[in-house]
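Thanks for coming. I will go through a few residues in one chain, and I will keep it brief.

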Amino acid sequence: MRVFRSLDIAGSGLTANRLWMDTISGNLANVNTTRTEDGGPYTRRVPVFQERLMEAIGGQDERIRKGWFGLYSSSGVRVTEIAEDDTPPRLAYQPDHPDANADGYVAYPNVNVVREMADLMVASRAYEANLTVVESDKAVWTAALGIMGA
């Protein structure tokens, strides 16, 4: 049995939500980027989360199935990839813009500021929730050590 399993789970959540917030900030920073190295407008990026429960119960890792780490080897969440949103870019009629097409339309990124801010609030609250778990664990272990020392 792993003693600090809840810290591992909360730590994975902290890492994943921090990456989500970093991705959101990148999207917001590029909200008006009409030209990238690949050509065309910036494309919104979204992290893809995956639970690590199957690893924890031995469903994916051969070492776990053989019993090297037992049932509590890992759990929580991880980011499997940073995917690009396939929503088409928004078009604005600006014939004087250097990136305008033949019809005078400029392709702007598919980043919606309102959606990004809502996602930022969700990611921030999830980060705070995981941080509360870490602080609660710290208080429990401090109290347990105090009882042992008394």
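Which backbone nitrogen does the side chain of S12 reach? That of V77, at 3.1 Å. Before going further, please keep in mind that this is a predicted model.

Let me stay with S12. Its position is in helix 1, which covers residues 5-29. The relative accessibility of S12 is 9%, and the cut-off for buried is under 20%, so S12 counts as buried. Leaving out residues up to four places away in sequence, S12 touches R52, S75, G76 and V77.

Next, V133. This residue is in helix 4, and that helix runs over residues 113-149. Is V133 buried, exposed or partly exposed? With a relative accessible area of 34%, V133 falls between the 20% and 50% limits, so it is partly exposed. Again setting aside residues up to four places away in sequence, V133 touches S6 and A10.

Last, the surface. V140 is another residue of helix 4. Together with F4 and W141, V140 makes up a nonpolar surface patch. The accessible area of the three together is about 290 Å².

That is what I have; I will take questions now.

Key. Residues numbered from 1 in each chain as written. Predicted model: local features only at pLDDT ≥ 70, side-chain atom pairs only at ≥ 80, totals over all residues. Heavy atoms only, no water. Patch = residues over 30% accessible without salt bridge, like charges linked within 9 Å, V, L, I, M, F, W, Y side chains within 5 Å. Areas by Shrake-Rupley, 256 points an atom, 1.4 Å probe, with all protein chains shown as cover. Salt bridge = Lys/Arg side-chain N within 4 Å of Asp/Glu carboxyl O. Helix = DSSP H or I, 4+ residues; strand = E, 2+ residues; numbered from the N terminus. Buried < 20%, exposed > 50% of the residue type's maximum accessible area, 1.4 Å probe, protein only. Contact = heavy atoms within 4.5 Å. Polar contact = N/O pair within 3.5 Å; in protein donor to acceptor, adjacent residues only side chain to side chain.
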